Amino acid sequence: MKQLLAPMVGILIACTAFHAKAGAGPLRTADACVMEPPPGSPNAVAFMSITNMANRTVTIVSVATPVAKKAELHETARTGGLTEMRYVKTLTLAPLETMRLSHQGYHLMLIGLKKRLKKDDRVRLVFRLKDGSTVSFDVKVCRMKRH
Ligand SMILES: [Cu+2]
């Protein structure tokens with residue numbers, strides 16, 4: 001086991017260096033986007049892929065952002081033909097697991113926007129992990145594609 005650890009640490013350090021721009025700690029994001037909310041909307045929704053780069057389980061216990069009163073993890077669920085959003089207390093990622101936050105499943109809500117978000121603005125998202133550490137990401141505001 002000892003012999004195995006050294007190369008694994010090497011790989012992790014290499015990954016950290018490679019992804020240095022997208023936050024610190026065990027989490028990496030890809031395709032991250034805060035949807036530009038319609039004028040006057042008090043809330044915004046964020047989508048992204050989150051990958052746990054660590055060889056341990058990582059649990060997100062809360063999210064905060066300076067641009068809104070609060071940020072919540074939500075799950076979109078269908079019950080009896082109705083689509084509703086449920087507050088999700090924590091999000092747990094297994095080692096090397098990638099979770100997609102999207103329209104269908106889990107997503108991040110920025111509730112009580114303090115300012116108008118416009119395309120290409122950068123929004124800081126701070127994820128607090130179960131071990132007490134925080135991981136920050138700067139996410140771009142983008143425009144929703146019309147279907
Ligand atoms: Cu929601």
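**Entry 1: overall picture**

I started with contacts (C-beta atoms, placed from the backbone, within 7 Å): among those between residues at least 6 apart in sequence, 67% join residues at least 24 apart. I noted that this is a predicted model, where local features need pLDDT of at least 70, side-chain atom pairs count only at pLDDT 80 or more, and totals for chains, interfaces and linings use all residues. My numbering starts from 1 along each chain as its sequence is written.

Next I looked up the confidence, pLDDT (the predictor's own, per residue, from 0 to 100). The chain has a mean of 86, and 82% of its residues reach 70 or more. Over residues 13-22 the value is below 50, and I found five contacts for this stretch beyond near neighbours in sequence.

**Entry 2: strands and their pairing**

I took helices (H or I, at least four residues) and strands (E, at least two) as DSSP runs, numbered from the N terminus. I found one helix and ten strands, in the order α-β-β-β-β-β-β-β-β-β-β.

For pairing, I required at least two DSSP bridges between two strands. Which strand pairs with E1 in the antiparallel sense over six bridges? I found E2 there, with Arg28 bridged to Thr51 of E2. I also saw E1 (residues 27-35) run parallel to E10 (residues 134-142), joined by two bridges. Met35 has Cys142 of E10 as its bridge partner, and Val34 stands opposite Val141 in E10.

E10 also pairs with E9 (residues 122-129), this time antiparallel and over seven bridges. I noted Phe127 bridged to Val135 of E10. The hairpin of E9 and E10 has four residues between the strands, and Gly132 in it takes a positive phi near 95°.

**Entry 3: the core**

I counted a residue as buried if 20 or more other C-beta atoms lie within 10 Å of its own, with C-beta atoms placed from the backbone. By that count, 24% of the 147 residues are buried.

Which residues touch the most other members of the largest nonpolar core? I got Val34, Ala46, Leu125 and Val139, out of 27 residues. Such a core is a set of buried Ala, Val, Leu, Ile, Met, Phe, Trp, Tyr and Cys residues joined through C-beta atoms within 7 Å. E1, E2 (43-52), E3 (58-64), E4 (68-79), E8 (106-113), E9 and E10 each supply at least two residues, and E2 gives the largest share, five.

I then followed Ala46: leaving aside neighbours within four places in sequence, its contacts include Val34, Leu125 and Val139, along with His107.

Note on methods
Buried ≥ 20, exposed ≤ 12 C-beta atoms within 10 Å, placed from the backbone. Contact = placed C-beta atoms within 7 Å.
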